[in-house]
Amino acid sequence: MSGALIDSLRAAVAARPDDVTLRVHLAGVLLDAGRQGEAVAEAAQALQRDPASPAAQDLMRRALSSPAAPPADDAPDPLAAYEQELSGVVPPPFDRSPRPGVAEPVAGDADRIFDVERVRARLADVGGMEAVKRRLEVAFLGPMRDPALRRLFGKSLRGGLLLYGPPGCGKTFLARALAGELGAAFISVGIAEVLDLWIGSSERNLHSLFEAARRSAPCVLFLDEIDALGHRRSSLGSGAMRTVANQLLAELDGVDSVNEGVFVLAATNAPWDVDPALRRPGRLDRTVFVAPPDAEARAAILEYHLRDRPIAAIQIDPLVRATANFSGADLAHLCDAAAELALHDSLTTGEVRMIEQRDLVAARREVRPSIGSWLDTARNVVRFANEGGAYDDLAAYLKQRKLL
């Protein structure tokens with residue numbers, strides 16, 4: 001009887017799909033018949049048409065709180081009964097007891113491949129880079145802080161930004177600081193967490209990554225070494241890598257991709273190797289050059305890496321002038337080398353001493369800047385491959401440093 005009634009109600013709903021009262025009645029009949037999933041679906045349809053309907057809200061609460069119907073076939077398993085009877089003589093066919101030291105598998109959203117973090121760093125913790133901070137303020141921070149103005153000007157809470165520059169200049173830390181400034185979740189992914197040996201697995205990993213970011217919105221999704229994932233397809237000999245690049249394009253701006261509240265930041269040392277399609281509007285449509293640290297940034301980086309070490313009478317300004325072409329990673333290495341010299345002297349003499357200016361000066365003679373080869377490549381790109389003006393900010397930096 002209930003089956004015939006449900007069929008009749010379904011026919012009536014199909015004829016009058018916007019009749020909320022009729023849908024609620026159908027959902028109630030489905031729930032009474034033990035068809036909980038179908039009842040939830042019909043209640044959801046009713047709430048889409050009238051979110052304030054008390055009857056639809058009450059029915060949705062009832063449907064979600066009702067226990068699932070037991071399986072129809074609940075007859076006892078005779079084999080299970082024999083196994084239980086002979087358990088003391090015959091061992092079970094499968095041993096499912098947990099092994100010591102081995103974690104039990106988890107299911108659902110807890111079984112994530114990608115870690116979602118909450119970051120404490122702020123842009124104030126980033127030394128220098130004022131031009132980059134202003135660009136981030138315009139692209140992300142300003143619209144996030146003022147929703148009314150954002151809606152007035154039609155600014156979407158989605159976007160992509162490509163950070164490029166020499167290695168070791170703080171692109172990853174800048175992305176983390178932006179996430180902390182927004183109060184957003186942060187997901188950082190490298191190529192090893194996406195690329196897989198088996199065909200199709202890399203594409204599934206990319207899709208899972210973006211789905212995790214969408215569930216965690218607002219979220220900053222940081223893709224490191226984007227040139228490996230989104231390499232120029234015209235120069236790819238591997239069909240598998242071409243499909244990975246296509247999947248990345250689809251996730252950024254595909255028909256089924258809803259990335260509202262997902263801020264995609266990508267970093268690369270070689271933007272000239274990134275597929276042009278990734279840099280069109282709607283994808284990584286804004287490009288920011290992260291230059292080697294300027295004088296103010298170098299002073300902040302040196303102070304940061306020395307502040308927790310025993311130092312005495314260190315003069316920062318001479319060190320800043322002597323490290324003009326150093327990246328942030330080079331400056332950290334300089335401080336480590338100076339600490340090694342002071343530690344070795346203390347071990348040799350048996351008298352512990354502080355890190356002094358002479359240690360940093362001696363370390364500067366040993367440590368060389370690591371970005372020279374990158375600057376040579378960048379100079380050639382600006383000279384011969386900047387017809388569209390994509391690297392004008394890089395050209396301005398090279399001219400300012402008299403490298404062009």
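A residue is called buried under 20% relative accessible area, exposed over 50%, and partly exposed in between. The model shown here is predicted. L149 has a relative accessible area of 42%, so L149 is partly exposed. L149 lies in helix 7, residues 147–152. Together with L152 and F153, L149 forms a nonpolar surface patch, and the accessible area of the three is about 370 Å².

Charged side chains come next. Side chains of opposite charge can pair when their charged atoms come close. A search of the whole structure gives 15 salt bridges. One of them joins R35 to E38, with the closest N and O atoms 2.9 Å apart. R35 counts as partly exposed because its relative accessibility is 32%, and E38 is also in that class, at 30%. Both residues belong to a salt-bridge network that links R10, R23, R35, E38 and E42.

Another salt bridge pairs D359 with R353, at 2.8 Å from N to O. D359 has a relative accessible area of 4% and is therefore buried; R353, at 18%, counts as buried too. R358 and E356 also meet in a salt bridge, at 2.7 Å. Here R358 is partly exposed at 47%, and E356 is partly exposed at 26%.

Helix 12 covers residues 295–306, and its 12 residues should span 16 Å at 1.5 Å a residue; the end C-alpha atoms are 17 Å apart, which agrees. Its buried residues are A297, R298, A299, L302 and L306. These buried residues pack against helix 13 (316–322), helix 14 (328–349) and helix 15 (357–366).

How values were computed. Residues are numbered from 1 along each chain as its sequence is written. This is a predicted model: local features need pLDDT of at least 70, side-chain atom pairs count only at pLDDT 80 or more; totals for chains, interfaces and linings use all residues. Side-chain values use heavy atoms; hydrogens and water are left out. Helices (H or I, at least four residues) and strands (E, at least two) are DSSP runs, numbered from the N terminus. The expected span of a helix is 1.5 Å times one less than its number of residues. Buried means under 20% relative accessible area, exposed over 50%, partly exposed in between (1.4 Å probe, protein chains only). Contact means heavy atoms within 4.5 Å. Patches are made of residues with over 30% relative accessible area and no salt bridge: like charges are joined within 9 Å, nonpolar side chains (Val, Leu, Ile, Met, Phe, Trp, Tyr) within 5 Å. Accessible areas come from the Shrake-Rupley method with a 1.4 Å probe; for residues, only the protein chains shown count as cover. A salt bridge is a side-chain nitrogen of Lys or Arg within 4 Å of a carboxyl oxygen of Asp or Glu.
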